[in-house]
Amino acid sequence: MASLNPSGYEKFSGSPPKQRQEAATTGIPLSSSNQYFPDSSETNTRLQTKTRVPWSSGLCDCFSDWRNCCITCWCPCVTFGQIAEIVDKGSSSCGVNGALYTLIACVTGCACCYSCFYRSKMRQQYMLKKHPCGDCLVHCCCEYCALCQEYRELKTRGYDLSIGWHGNMEKRSREVAMTPIPPVVEDDMSR
């Protein structure tokens, strides 16, 4: 570096002189942030805000499916078991989840502590907005309404909760197998 001082000796009294950063010719970025792997929390926040979708029905729309509303009111373990089996993609059965829900409700009186985790899991799977508030608060304050909303959401997404996960997968595979394949049309230009 060429010195402006004729003696070649520069004294720094105070702050060092500002140097102009030039573009690196080596391809290595000069900034301290990594342009190839941005801050993951920033990326996750951006993705979550852009891709979250609203619930297909409101929290208090319970009577839009009055049959499920009655079942949930009198026996929430059935609705919860059906939801949990679909959300778990068949890895746990409706009966086991419903029985565990009932056991937790009888022993602690707070089955909402168990069911709120399934709401969170369902929101993550289907990229649903956290509305009207946090999952555990929704379940603690409006347990039956939350279960009815989750049931309706899965029903809107094409699941028949009465036949479980495996029944839905069989039904979908039959529908795909019965879909006619369009015939191949040959061009007249090939002659």
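**View 1. Arginine 123 and aspartate 135 are both buried.** Here, buried means under 20% relative accessible area, exposed means over 50%, and partly exposed lies in between (1.4 Å probe, protein chains only). This is a predicted model, where local features need pLDDT of at least 70, side-chain atom pairs count only at pLDDT 80 or more, and totals for chains, interfaces and linings use all residues. Residues are numbered from 1 along each chain as its sequence is written, and side-chain values use heavy atoms, with hydrogens and water left out.

The side chains of arginine 123 and aspartate 135 form a salt bridge (2.9 Å, N to O), that is, a side-chain nitrogen of Lys or Arg within 4 Å of a carboxyl oxygen of Asp or Glu. Helices are DSSP runs (H or I, at least four residues), numbered from the N terminus. Shared partners join Arg119, Arg123, Asp135 and Glu150 into one salt-bridge network.

**View 2. Aspartate 135 also pairs with arginine 119.** The closest N and O atoms of this salt bridge are 3.7 Å apart. Aspartate 135 belongs to helix 6 (residues 135-141) and arginine 119 to helix 5 (residues 112-126). Arginine 119 has a relative accessible area of 0%, and aspartate 135 has 6%.

**View 3. Aspartate 65 meets lysine 155 in a salt bridge.** Their N to O distance is 3.3 Å. Aspartate 65 sits in the loop between helix 1 (40-51) and helix 2, while lysine 155 lies 90 residues away in helix 7 (residues 143-156). Aspartate 65 is buried at 14% relative accessibility, whereas lysine 155 is partly exposed at 44%.

**View 4. Helix 2 (residues 66-74) packs against helix 3 (residues 76-87).** Their axes, lines fitted to C-alpha atoms over the stretch in contact, are 5 Å apart at about 115 degrees, on a scale from 0 to 180 degrees between N-to-C directions. The two helices are therefore roughly perpendicular, a term covering 65 to 115 degrees. Asn68, Ile71, Thr72, Cys73 and Trp74 of helix 2 make the contact (heavy atoms within 4.5 Å) with Pro76, Val78 and Thr79 of helix 3.

**View 5. Leu100, Leu103 and Val107 form a nonpolar surface patch.** Such a patch joins nonpolar side chains (Val, Leu, Ile, Met, Phe, Trp, Tyr) within 5 Å, from residues with over 30% relative accessible area and no salt bridge. Together the three expose about 280 Å² of accessible area, computed by the Shrake-Rupley method with a 1.4 Å probe, only the protein chains shown counting as cover. Leucine 100, in helix 4 (residues 94-108), is partly exposed at 35%.

Note on methods
Patches are made of residues with over 30% relative accessible area and no salt bridge: like charges are joined within 9 Å, nonpolar side chains (Val, Leu, Ile, Met, Phe, Trp, Tyr) within 5 Å. Angles under 35 degrees count as roughly parallel, over 145 as roughly antiparallel, 65 to 115 as roughly perpendicular and the rest as oblique.
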